[in-house]
Amino acid sequence: MTARSQRGVGMGGIFLILAALGFVLMLALKLGPLYMGFWTLQSLMNDLAASSEPILGGKPGVINRLNNLMNINEIRDLDPKSFQIQKLEGDRYEVTLSYERRTHLFANVDAVLTFDHTVAVKSQ
């Protein structure tokens, strides 16, 4: 092997590596908060479904409880009426959250993220 074939990464290679790392970092900074917001909503919906005490007031009571949980977790960019609530058999309700968020990445490129989560909650 000659010394010329073992020189390592050139300036062009370093530039490409830095550009790829920058792109990944930009995606993480733009999309990360949207995913974290959904994971928070998913967690509070799961907590609501796992609660041992039934929710009083039927569908309005479920909306009120969701509104309270969203206020506690400081989720302000989603209306509690965005949740679809359907009555199941007995005293259970199916709570579905389905929404999408669009964020600008660069130039004329946007990312559209769709989120969907469903739980069943007890009511009285």
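Let's start with E74, which is exposed, with a relative accessible area of 61%. By exposed I mean over 50% relative accessible area, while buried is under 20% and partly exposed is in between, using a 1.4 Å probe and protein chains only. E74 sits in the loop between helix 2 and strand 1. Helices here are DSSP runs of H or I with at least four residues, strands are runs of E with at least two, and both are numbered from the N terminus.

A quick word on where this comes from. This is a predicted model, where local features need pLDDT of at least 70 and side-chain atom pairs count only at pLDDT 80 or more, while totals for chains, interfaces and linings use all residues. Residues are numbered from 1 along each chain as its sequence is written, and side-chain values use heavy atoms, leaving out hydrogens and water.

Back to E74, then. Its phi is near 55 degrees, a positive value in a residue other than glycine. Most residues other than glycine have a negative phi. A107 is another one to look at, with a positive phi near 45 degrees. You'll find A107 in the loop between strand 2 and strand 3, which covers residues 109-122. With a relative accessible area of 69%, A107 is exposed.

Follow the chain from G37 to D77 and you cover 40 residues, yet their C-alpha atoms are separated by 9.5 Å.

Now, the helices. Two packed helices are described by the angle between their axes and the distance between the axes. So how do helix 1 and helix 2 pack? Helix 1 is residues 11-50, helix 2 is residues 58-72, and they pack at about 135 degrees with axes 11 Å apart. Those axes are lines fitted to C-alpha atoms over the stretch in contact, and the angle, between N-to-C directions, can run from 0 to 180 degrees. The pair is therefore oblique: under 35 degrees would be roughly parallel, over 145 roughly antiparallel, 65 to 115 roughly perpendicular, and the rest is oblique.

Which residues meet there? From helix 1 we have L41, L44 and L48, and from helix 2 we have R65, L66, L69 and M70. Sorted by class, that contact has six nonpolar residues, one charged and no polar ones.

Still in helix 1, please find L21. At 54% relative accessibility, L21 counts as exposed.

Let's finish with two buried residues. T96, in strand 2 (residues 92-106), is buried at 15% relative accessible area. Its side chain joins that of T118 in a polar contact of 3.3 Å. A polar contact is a pair of N or O atoms within 3.5 Å; within protein, one must be able to donate a hydrogen and the other to accept it, and residues adjacent in sequence count only if both atoms are side-chain atoms.

And where is S123? It lies in the segment after strand 3, and it is buried, with a relative accessible area of 1%. The S123 side chain reaches the backbone oxygen of I55 at 3.0 Å. Setting aside neighbours within four places in sequence, S123 is in contact (heavy atoms within 4.5 Å) with P54, I55, G58, D91 and Y93.

Terms used: Nonpolar A, V, L, I, M, F, W, Y, C, P; charged D, E, K, R; others polar.
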